[in-house]
Amino acid sequence: MKIFSYIVIILIGASCSSDKEDYVPIENAALQFTVPANFPEPSYNVSLNPPTEKGFELGKKLFYDGRLSSDGVISCGFCHIQDFAFTHHTHIVSHGVGGALGTRNAQPLHNMAFMKEFTWDGAARHLDLQPIIPITAEVEMNETFSGIVKKLEDQPEYVKLFAEAFEDQKINPDNILKALSQFMIMMISANTKYDKIERNEGSVFTQEEASGFELFKSKCASCHQGTLFTDQSYRNNGLAIDPQYNDIGRNRVTGLAEDLHKFKVPSLRNIELTFPYMHDGRLKTLNDVLDHYSDGVVNSETLEPTFKRQDGTLGIPMTAEEKLQIIAFLKTLTDDDFLNDDRFSEF
Ligand code: HEC
Ligand code: HEC
């Protein structure tokens with residue numbers, strides 16, 4: 001699945017019309033989008049925006065190009081760094097144009113084709129629409145699509161790439177977003193130790209990891225479910241309300257009282273590298289996360305009922321040893337092939 005299969009498609013386009021005798025058909029190769037054997041069907045409708053060699057190359061170039069921001073510096077890749085599963089390493093909340101501070105921790109980008117909604121509160125309902133948020137947000141890229149189109153039209157390299165990647169050959173918002181999605185849907189992370197075990201490819205858990213997996217299944221997997229490690233629901237996992245941001249979470253999108261302070265259950269793939277943790281990056285280490293679940297859960301109207309124990313205390317009971325076992329298991333979700341995959345790197 002790591003190998004792109006190239007099926008050469010010759011986009012004949014208008015070449016049939018006889019008045020364009022000098023028309024040279026543009027060659028573009030379809031990229032095979034392969035669903036890993038242990039993954040569910042994608043949510044992204046790949047047939048509506050099938051990735052091609054040129055579309056992917058264009059999407060990658062855009063992803064790493066500061067021209068998408070008003071100061072020419074902040075690219076998508078500025079906040080989404082491959083070595084850390086495309087998170088903004090060391091930044092508790094993201095920094096955008098002019099050093100402006102956001103209020104949320106940059107999410108990892110992997111397996112986006114399998115996600116139904118995007119961002120911590122699900123504000124974006126389609127991957128093709130998601131980049132509009134960072135591009136236009138004042139504290140992120142602070143740019144407009146007309147501004148970007150103008151800048152790209154001045155670059156012969158872009159004019160050529162758009163013409164090669166899309167039938168209508170246009171540099172427009174639609175094609176910019178489609179190219180970005182083609183790049184992001186190819187970013188599949190499915191080659192961890194965990195995956196190799198699940199697919200019977202010869203790996204085995206250590207005893208500590210195996211115990212951690214059992215604990216994980218009983219204590220965590222009700223939300224961090226299945227092979228994506230998220231059921232894609234929105235929950236309140238008992239973080240104390242941060243007076244600085246007072247982020248209302250899912251309620252911002254739905255307006256429903258029952259959604260106050262709920263956030264999307266994050267995938268835990270590559271979790272070893274995506275620190276700091278939680279929507280506002282408040283927890284530095286995986287130890288801190290497990291201490292939160294055992295002793296730090298705070299009550300509120302929308303707290304997930306599973307965190308309310310029968311004796312009236314809150315959280316998920318775990319011994320120190322059990323926490324270490326769970327962490328050992330979580331580290332089997334690190335995908336070195338993905339983190340070092342040249343297809344996705346800037347240089
Ligand atoms: C200033 C930092 C910053 C920049 C620049 C940025 N992002 Fe993000 N990205 C974030 C943050 C923070 C979030 C979480 C946003 C939220 O929950 O409101 C996020 C979320 C996302 C998500 C959703 C992931 C998920 O699992 O739901 C995608 C996709 C994404 N960004 C893609 C992009 C693309 C494409 C670009 C460039 C056009 C970009 N980002 C530019 C910081 C940034
Ligand atoms: C009731 C649902 C639920 C259960 C059970 C649960 N989690 Fe979570 N988890 C969440 C939600 C929701 C978030 C995001 C919260 C936020 O940022 O506000 C989260 C965040 C995390 C994060 C941070 C991820 C990131 O990208 O920042 C880690 C790590 C984590 N959980 C691990 C665990 C482990 C380990 C367990 C079991 C001991 C567990 N969770 C049990 C719902 C749950």
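What is the geometry of the site of the iron atom of ligand 2, judged by the angles among its six donor atoms? The site is octahedral, with angles of 83 to 180°. The model is predicted.

**Iron of ligand 2**
- Two residues coordinate this iron atom: His224 through NE2 and Tyr293 through OH, at 1.9 to 2.1 Å.
- The pair links distant parts of the chain, 69 residues apart.
- His224 sits in the loop between α8 (207-219) and β3 (234-235), whereas Tyr293 belongs to helix α10 (residues 286-296).
- Both His224 and Tyr293 are buried.

**Shell around ligand 2**
- The shell holds 28 residues, of which Cys220, Cys223, His224, His279 and Tyr293 come nearest.
- By class, 19 are nonpolar, five polar and four charged.
- β4 (263-264) and α10 each supply at least two residues.
- α10 gives the most, with four.

**Polar contacts of ligand 2**
- A polar backbone atom of Met278 is 2.7 Å from an oxygen atom of the ligand.
- For His279, a backbone N or O atom lies 2.6 Å from an oxygen atom of ligand 2.
- Tyr293 places a polar side-chain atom 2.6 Å from a nitrogen atom of ligand 2.

- His80 is found in the loop between α2 (76-79) and α3 (132-136).

**Glu209**
- Glu209 is part of helix α8.
- Glu209 counts as buried because its relative accessibility is 12%, under the 20% cut-off.
- Beyond its neighbours within four places in sequence, Glu209 contacts Lys193, Val204, Ala328, Phe329 and Thr332.

Terms used
Residues numbered from 1 in each chain as written. Chains lettered and ligands numbered in written order. Predicted model: local features only at pLDDT ≥ 70, side-chain atom pairs only at ≥ 80, totals over all residues. Heavy atoms only, no water. Donors = N, O, S within 2.8 Å, 3.2 Å for Na, K, Ca; no water. Tetrahedral: all angles 85-135°; square planar, octahedral: opposite > 155°, others 65-115°. Buried < 20%, exposed > 50% of the residue type's maximum accessible area, 1.4 Å probe, protein only. Contact = heavy atoms within 4.5 Å. Near = heavy atom within 4 Å. Polar contact = N/O pair within 3.5 Å; in protein donor to acceptor, adjacent residues only side chain to side chain. Nonpolar A, V, L, I, M, F, W, Y, C, P; charged D, E, K, R; others polar.
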